Amino acid sequence: MKRFIGFIKKEFYHIFRDKRSLFILFGMPIAQVMLFGFAITNEINNVNIAIFDKSKDVTTQKIIDEITASKYFSNKQFITHQAEIESVFKRGKVKAVLVFEKDFSKKLTKDNLATVQIITDATDPNTANTITNYVSSILQKHQQQINKEIKTPYKIVPESRMVYNPELKSVFMFVPGVMTIILMLVSAMMTSISITREKELGTMEILLVSPLKPFQVIIGKVVPYIFLSIINAIVIVLLSIFIFKMPVQGSLFLLSFQSVLFIINALSLGILISTISETQQTAMMISLMGLMLPVILLSGFIFPISSMPVPLQIISHVIPAKWFIIILKGIMLKGVGITILWKETLILVAMTVFFIVLSIKKYKIRLE
Amino acid sequence: MSISIKHISKSFKDVTALKDISFNVNEGELFGLIGPDGAGKTTLFRILTTLLIADEGTATVANYDVVKNYKDIRNHVGYMPGRFSLYQDLTVEENLTFFATIFGTTIEENYDLIKDIYVQIEPFKNRRAGDLSGGMKQKLALSCALIHKPKVLFLDEPTTGVDPVSRKEFWEMLKRLQQKGITILVSTPYMDEAALCDRIALIQDGEILQIDTPEEIVKHYPKIIYDVTASNMYELIISLNKYQHNHSVYPFGEFVHYTDERDDFNPEDLLKYLEGKGLKNIVIQPTKTTIEDTFMELAK
Amino acid sequence: MKEKNVIQVKNLTKKFGDFTAVDNITFEVKQGEIFGFLGANGAGKTTAMKMLIGISKPTSGEANVVDFDVYTNPEDIKKNIGYMSQKFALYDDLTIKENITFFGGIYGLSKSIIKQKSEALINELNLQEVANELVGSLPLGWKQKMAFSVALLHNPKIIFLDEPTGGVDPITRRQFWEMIYKTAHNGTTVFVTTHYMDEAEYCDRVSIMVNGKIEALDTPKKLKELFNVKNMNDVFLKLARG
């Protein structure tokens, strides 16, 4: 028994004297819980919507004010042409378009019935549903309000339409996200240990005392993995299309190009992690545990970013996965092209260049 | 002057690894850095191969400054860091080809340089480096360090942990290499290997104890060393340690190396004393001084 | 001193698949002896030692250590021996005192005995000033000497030393061997492996393993006569060269 206790005592000494264990033991859970708590939410807040008011009368104005006054919706944008509906969805600027039919008030007084079209972007079916419900309930409330003061009840009928995913398949929401996460984690993990492995084995010393330049080492370590990851990506895309019946509305060529770009981005992130980690264990932990949870939560593929507190929304801008998911959904579900996705593409390119340049800078040319 | 070291000092946190080291290595010399673990050998090597920057002092290798011209040094030296740093999952031939390629040459170009060494491992050229024995790994590492015909060769403890037969063969290879005009700086904790070098520097705790040819170093040992033996080693050592005139008492295999503090020491006195202690079969005779004796005397 | 056998090995063999690491070795070690177990890296020394200290099961053959069978009573063997290796001896992130307390506890010593031995050990090695420092901050030589003493805390009948003086400076190496002599003088058997051939000379008897077999076993003096050489290094060279 004494032996046993003596052994436990020793284990405590080891734990408390290893700063890294302590950080993992106490630091990481706190960080993750905070992240989880604030990021996970099924509510929707601050969703961008657009309004196509064909009537522009007092009633519609009142309803619109009520809708935009709620915390659920923000940044209202006014559309004036039918054609704009599709373009505004394609550009991903809004999640819903409300269309008020012509002569709204007249129709209410004459026919006791007017309709409001709620068109939602159903690439994220949960959000689409929630938006439809929220808008419907606001319309209902307004309806009840009006009916208090008149004799014959009016009816404001919401007509809901889901675009890009009329059957509300949740698979359409998950598959792009899962594709992204897996591509990113696997790519980042593979390269993150490659430099640290050389450091651990001691072969780094010989590489340093040779004519090889830092950029040759770094890019040289990324290149083989590009080919391997492309195979990975192809398999994932094929699985999505044939098993999960994901459509590819847009250009397959563009899809391939963007996937390769994202792969290079993830590989570069891995290399960056490699240059700052001393051991393979550290590198794996950072690329797996350190990246996984924040990316899953903050890329917006499960939980809407707009519903998160502002600091988290800002952080989500630096998560490459977020931009790639927008690109993936755009090409596969909405069929958009590079003219609309140029901004996201450019951001990914810039991030990749940044990671590589930073890796080269951080690559230690000496042992200290 | 192939290697020039001037007043190099280096500390890590609170440990001083090197204290004011200065010496030169001439072109074509086989120079030995002799000292135990922790003496500072690896730190010095890393400074000379530009992997670390010294806190104080300067150094040049093949006339290139180790800080300002580090790229030139990295292009022109051969380096074998301690503990066989090869790619364990590449074969013998793949390792050699890799190192040849990154130095911009081929195996064929400088084959004559490594031929003596490589023929011994050539039968295993398709075997992974990780599956080789210690002696063979060492030969492969040496070949990889030489393949680009460096002007200066740095070998950090190349024989540590290797069996005596391989050690002997390795030093024979080094001697042959030296004849081809390569400057070789070797570090080793084995004192017997020191005798095989042109000149050596004895180093302990970051300080140089002495630098000279092995013969001269041994010549300057201040006293006569006596081999002493008796039937019971343990009792002998205790008795010698208790002897009031002793200067040093060190076990050396089957004998004890004894030196007396007196200049006019007469072995008969010691014999009588030891007999008085009850020891049998006592033999006391003068012996040749070795590098190890000198090292310990300087390190005291 | 009794000439009892503390280790008895007969036809001991260890195979890994079709690779025979230890090939049918037979030898005895007497109480109070300093027995040198030599051989090149990969000759099978470490594998053989692991079987004797009870952490590896032999493929075939017999072996008894301090009268316990290595097959049936490895736990009893572990309780009655001391062990120290070059690769690991003490915990670097524990202090000297904590290490002694820990190992004392593992060996089942009472608190009062641990305290007593702790003081004795610290005084003997002159470690009073650094007793509360982490072992990792000590020079290698001090660590090795301390590890040796800690392995003897529970007064085992035999202590196994696996390359204990690797990399240590020459003076400390000799101090270490003086400690070994003292231990043997007090009746503890010392089973030591080393690749410093001059250290082989300190042993009472020496065995040399080549490719899993014992190719020589005798006192250093007799081995040198047999091979007609001046030192153990040359004995080894002659044996290994074939």
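Reader: What share of the contacts in chain C with a separation of 6 or more comes from residues 24 or more positions apart?
Author: The share is 68%. This is a predicted model. Two residues count as in contact if their C-beta atoms, placed from the backbone, lie within 7 Å.

Reader: Why is chain C called as compact as a globular protein of its length?
Author: Compare two values. The radius of gyration of chain C is 18 Å. The globule rule gives 18 Å for 242 residues. The values are close, so chain C is as compact as a globular protein of that length. Its C-alpha trace spans about 50 × 40 × 40 Å along the principal axes.

Reader: What makes a residue of chain C count as buried, and how many do?
Author: A buried residue has 20 or more other C-beta atoms within 10 Å of its own. In chain C, 43% of the 242 residues count as buried.

Reader: Which elements does chain C have?
Author: Chain C has nine helices and 10 strands.

Reader: Now chain A. What are its domains?
Author: Domain 1 covers 2-40 + 166-362, and domain 2 covers 47-146. Their centres, taken over C-alpha atoms, are 38 Å apart. The contact takes 15 residues from domain 1 of chain A and 10 residues from domain 2 of chain A.

Reader: Which element gives the largest share of the domain 1 side that touches domain 2?
Author: Helix 13 of chain A does, with five residues. By class, that side of domain 1 has nine nonpolar, three polar and three charged residues.

Reader: How many residues make the contact between chain A and chain B?
Author: Chain A gives 12 residues and chain B gives 17 residues. The chain A side has six nonpolar, three polar and three charged residues.

Notes
Residues numbered from 1 in each chain as written. Chains lettered and ligands numbered in written order. Predicted model: local features only at pLDDT ≥ 70, side-chain atom pairs only at ≥ 80, totals over all residues. Domains from an automatic or database assignment. Helix = DSSP H or I, 4+ residues; strand = E, 2+ residues; numbered from the N terminus. Nonpolar A, V, L, I, M, F, W, Y, C, P; charged D, E, K, R; others polar. Rg over C-alpha atoms; globule rule 2.2 N^0.38 Å. Buried ≥ 20, exposed ≤ 12 C-beta atoms within 10 Å, placed from the backbone.
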